[in-house]
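Please look through the structure below with its charged side chains in mind. A walk through some of its contacts follows.

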Amino acid sequence: MAISETVTIQKLTLADADVLLELSKKTFFDFFAHLNKPEDMEAYASVAFTPQKIQAELSDPNSHFFFAMLDGEITGYLKLNYCHAQTEFQDPAAVEIERIYVLAEYHGKKIGHQFIDFTLKAATDKHLQYVWLGVWEHNLKAIAFYEKHGFEVFSSHEFTLGSDKQTDLLMKKAILSSSKPKA
């Protein structure tokens with residue numbers, strides 16, 4: 001069993017755009033290139049991973065990016081969307097985990113778990129009702145990871161990767177209210 005190591009979760013600024021862009025491309029291709037056609041991966045990346053797109057996302061006050069840092073090294077990143085920045089519902093009572101990626105060499109160090117804990121705490125602190133995300137229906141390892149953390153499938157949507165129409169499962173986890181009982 002892997003030992004859980006504490007990472008530092010650091011909020012990104014516009015100055016981090018170049019590093020985020022490279023990390024985004026690397027993790028996306030590492031995880032999905034072997035499962036998809038190269039032309040579909042390149043078509044998607046040419047739109048999703050551009051300096052302009054990353055800068056626009058970092059500039060949106062309702063999108064928050066975070067690096068996971070371990071011993072001074074970037075190990076992964078997290079993107080949370082609030083309100084209108086959410087890709088689907090734009091529900092002010094929710095936060096969307098749009099991206100959560102950990103570099104392959106850091107798997108087993110519980111960094112993804114710490115990202116989930118961080119997100120649930122942020123949602124609780126903001127008195128939100130739920131956290132939701134989309135995950136490719138064929139990414140069974142990720143689905144199992146989210147289920148282990150209490151997320152449940154509640155819907156699905158189409159995700160287009162280049163010319164390939166894929167299905168993402170939408171999963172959510174309710175945030176338990178920590179309000180005190182009325183006297």
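The model is a predicted one.

Seven salt bridges are counted in the model. Side chains of opposite charge can pair when their charged atoms come close. Lys53, Glu57, Lys79, Glu98 and Arg99 belong to a network of such bridges.

Start in helix α3, residues 51-59, where lysine 53 and glutamate 57 sit four residues apart, about one turn of the helix. Their side chains form a salt bridge at 3.6 Å, N to O. Glutamate 57 has a relative accessible area of 8% and is therefore buried, the cut-off being under 20%. Lysine 53, at 35%, is partly exposed.

Lysine 79 is buried, with a relative accessible area of 3%, while glutamate 98 is partly exposed at 26%. Glutamate 98 also bridges to arginine 99, their closest N and O atoms lying 3.6 Å apart. Arginine 99 is buried at 9% relative accessibility.

Strand β4, residues 94-102, also holds valine 95. Is valine 95 buried or exposed? Its relative accessible area is 0%, so valine 95 counts as buried. Beyond its neighbours within four places in sequence, valine 95 has contacts that include Leu80, Tyr82, Ala123, Leu128 and Trp132. Valine 95 and threonine 124 are 29 residues apart in sequence, and their C-alpha atoms are 10 Å apart in space.

Technical notes:
Residues numbered from 1 in each chain as written. Predicted model: local features only at pLDDT ≥ 70, side-chain atom pairs only at ≥ 80, totals over all residues. Heavy atoms only, no water. Helix = DSSP H or I, 4+ residues; strand = E, 2+ residues; numbered from the N terminus. Buried < 20%, exposed > 50% of the residue type's maximum accessible area, 1.4 Å probe, protein only. Contact = heavy atoms within 4.5 Å. Salt bridge = Lys/Arg side-chain N within 4 Å of Asp/Glu carboxyl O.
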